Amino acid sequence: MISLTERALRVLRHIAGGRGKDTGGPVRGMTRRARSERPHVLILVQNLPVPFDRRVWQEALALVAAGYQVHVVCPRTMEHPLRRETLSGVRIYRYRPGPEARRLAGYLVEYPVAIGAQLRLALTIRARHRIGIVQICNPPDLLFLVALPLVALGSSLIYDHHDACPELMIAKGHREDGRAVRLTRLLERLTYRCADVSIETNESYRDIALGRGGMSREDVFVVRSAPEITRFAGARPDEKWRRGRRYLVGYVGVMGRQDGLDYLIEAARVIIADLLRPDIQFVLVGSGPELPRLRERVRSLGLDDRVVLTGRLSDEDLGAVLATADVCVNPDEANRMNDISTMNKIMEYMALGKPIVQFDLHEGRVSAGDASLYATRNDAASLAKCIVELIDDPEARARMGQLGARRLRSALSWESQVPRLLAAYERAAIRRKRR
């Protein structure tokens, strides 16, 4: 009997014209004529608006600078309310999203609304422009459904793999053998089968592409997420964030279940109540579905004045918080998802030369190296101990901050990733011409 996965793949291959994997040689430089005929690009994003999604925004700007005509479809938010907008040469089309899901049933509303809106906009753009390459950015691994009509019309498909969705669902509390995780594995497999090229954020994700995804090595490109070195070049310390205290511990990032903020709040409680350190202030910047609950927890612990959760901030204020901080923390929970994922917050800390404390995660070590202290996995007391250890050792803070800044500028900056992004696009263009 043919399995559901095999039947789905047959249907997709039929729709997409029976595309098989290309096992041609490595990408070589494009001719001058080819470079002058860059195709239109359509980028599909569901979970964040552009330009707030820094990775997608950096990719779009790099493609525009290389001569591509770039269109981005993404959700609207209060911070980015315009339905149509052109910024720095990038044409942005925004749609009204459904309610953000927090439980499995909610995804049955959120995702169909997003897929329908993106499909309508994608077909409208395709009617006006000949789209040569479509880039889909997960999560979720559903956007191949929007791309398929354009693929059938001759577009190449690039899969920009931001999150390992099966591991993400497990990190959010779903059973590994449950329906939700099995479904995400199926959707991930279908996405890779439809893709001509995949862009992976690190070597761990590249292993997923080659293993579970079944991609050919020449079709997989590692393009790490990294801040532009100049993004916080003008950032200056602002003593108001210390609230009169001597030291500041900073956090910047999303506030979701798997992001470990409960560990950081508990570490703050240990530092303030158990270790009796009234000289340390905590500022936690970011938003997400867990923000209201986390604020309530801080209030219940009586830490309102000592642990400030700001929500989202402007780039100027974000830079000021980071520039003022003495120590920056990445409290991501140790689990299969976080162990293989590169965290943007670590790169931002390193960009400003800040020493880091985090749990001992594989990709966290790959990114930060000796710029970080590593606490025992999922141990708030160990996290607190490492924070205080760094606070009390200014020489170590300075040394680690300098190491991180040099590491970022020499090997991990966004500028060093752009050639790999353009190579992935050249590969997709070659695949399109061959087809």
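Predicted model: local features only at pLDDT ≥ 70, side-chain atom pairs only at ≥ 80, totals over all residues.
A quick bit of background: strands of a sheet pair through backbone hydrogen bonds, either parallel or antiparallel.

Now zoom out. What is the strand order in the open sheet of eight strands? Reading across, you get β3-β4-β2-β1-β5-β6-β7-β8, and the pairing is mixed. At the edges sit β3 (84-87) and β8 (220-222), each of which pairs on one side only. On average, neighbouring strands of this sheet are turned by 20° against each other, direction ignored.

There's a helix to look at here too. Helix α8, residues 203-210, lies across β6 (156-161), β7 (197-200) and β8. Relative to β8, helix α8 runs at about 170°.

Next up is R94, which you'll find in strand β4, residues 90-95. So, is R94 buried or exposed? Its relative accessible area is 2%, and buried means under 20%, so R94 counts as buried. Which backbone oxygen does the side chain of R94 reach? That would be the one of V50, at 2.8 Å. Leaving aside neighbours within four places in sequence, R94 is also in contact with a list of residues including P51, C74, H80, E85 and L121.

That brings us to V50 and P51 themselves, which are joined by a cis peptide bond with omega of about 15°. P51 lies in the loop between β1 and α3 (54-65). There's another cis peptide bond, between N138 and P139, where omega is about 0°. P139 is in the loop between β5 and α5 (144-152).

Why point these out? Most residues other than glycine have a negative phi, and most peptide bonds are trans.

On the phi side, I've got two residues for you. S88, in the loop between β3 and β4, has a positive phi near 50°. S88 is exposed, because its relative accessible area is 56% and the cut-off is over 50%. Then there's N378, in the loop between β14 (372-375) and α15 (380-391). Phi of N378 is near 60°, again a positive value in a residue other than glycine. With a relative accessible area of 28%, N378 is partly exposed.

Note on methods:
Residues numbered from 1 in each chain as written. Heavy atoms only, no water. Pairing = 2+ DSSP bridges. Helix = DSSP H or I, 4+ residues; strand = E, 2+ residues; numbered from the N terminus. Axes fitted to C-alpha atoms, helices over the stretch in contact; angles between N-to-C directions. Contact = heavy atoms within 4.5 Å. Buried < 20%, exposed > 50% of the residue type's maximum accessible area, 1.4 Å probe, protein only. Polar contact = N/O pair within 3.5 Å; in protein donor to acceptor, adjacent residues only side chain to side chain.
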